[in-house]
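Reader: I am new to reading protein structures, and I would like to go through one with you. Could you show it to me and then take my questions in turn?

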Amino acid sequence: MRDEKLLPCPCGMQLNAADEDCIYPATRPVYDPELDKMVFKVWELVCNPVYGGCDASVLGDSREDVIAVEQECVAVKYSEFV
Ligand SMILES: [Zn+2]
């Protein structure tokens, strides 16, 4: 199984990739003729303020993509403080 562990947000929140309030489709599903099924084309990952997060969010075109973007963004953020 792929490592989907998210890095903690710079605000201190530990984000959980398995949490549907953290990563979810941002739009309705659309039909993909290549896959012959309905797929979500836009995904959003959010540091959910409901759980005390800072409301930071990233968009991507797949679940894997937002996870990769989150890991990259956080790594960049932390490097700014070094
Ligand atoms: Zn945050």
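Reader: Which residue in S5 is the bridge partner of Glu44?

Author: This is a predicted model, so what follows describes a prediction. Strand S4, which covers residues 43-46, pairs with S5 in the antiparallel sense over 4 bridges. Glu44 takes part in this pairing, and its bridge partner in S5 is Leu59.

Reader: Which strands stand at the edges of the sheet, each with a single partner strand?

Author: The sheet is open and has 3 strands with antiparallel pairing, in the order S1-S4-S5. One side of each edge strand is left without a neighbour in the sheet, because each has a single partner strand, and these edge strands are S1 (23-25) and S5 (57-60).

Reader: At about what angle does helix H1 run to S5?

Author: Read along the sequence, the chain follows the pattern β-β-β-β-β-α, with 1 helix and 5 strands. Helix H1, made of residues 63-80, lies across S1, S4 and S5, and its angle to S5 is about 135 degrees.

Reader: Which element gives the most residues to the largest nonpolar core?

Author: The largest nonpolar core has 11 residues, among them Leu6, Cys22, Trp43, Leu45, Val46 and Val66. S4 and H1 each supply at least two residues of this core. With 3 residues, the element that gives the most to this core is S4.

Reader: Does Val42 count as buried, exposed or partly exposed, and what is the reason?

Author: Val42 has its place in the loop between strand S3 (37-39) and S4. A residue needs 20 or more other C-beta atoms within 10 Å to be buried, and 12 or fewer to be exposed. Because Val42 has 15 C-beta neighbours inside 10 Å, it counts as partly exposed.

Reader: What distance separates the C-alpha atoms of Val42 and Gly60?

Author: Leaving aside neighbours within four places in sequence, Val42 is in contact with residues including Leu59 and Asp61. Val42 and Gly60 are 18 residues apart along the chain, and their C-alpha atoms are separated by 5.8 Å.

Reader: What share of the residues in the chain is buried?

Author: The C-alpha atoms of the chain fill a box of roughly 45 × 25 × 20 Å, taken along the principal axes. Of the 82 residues in the chain, the share that is buried is 15%.

How values were computed
Residues are numbered from 1 along each chain as its sequence is written. This is a predicted model: local features need pLDDT of at least 70, side-chain atom pairs count only at pLDDT 80 or more; totals for chains, interfaces and linings use all residues. Two strands pair if DSSP finds at least two bridges between them. Two residues are in contact if their C-beta atoms, placed from the backbone, lie within 7 Å. Axes are lines fitted to C-alpha atoms, for helices over the stretch in contact, and angles run from 0 to 180 degrees between N-to-C directions. A nonpolar core is a set of buried Ala, Val, Leu, Ile, Met, Phe, Trp, Tyr and Cys residues joined through C-beta atoms within 7 Å.
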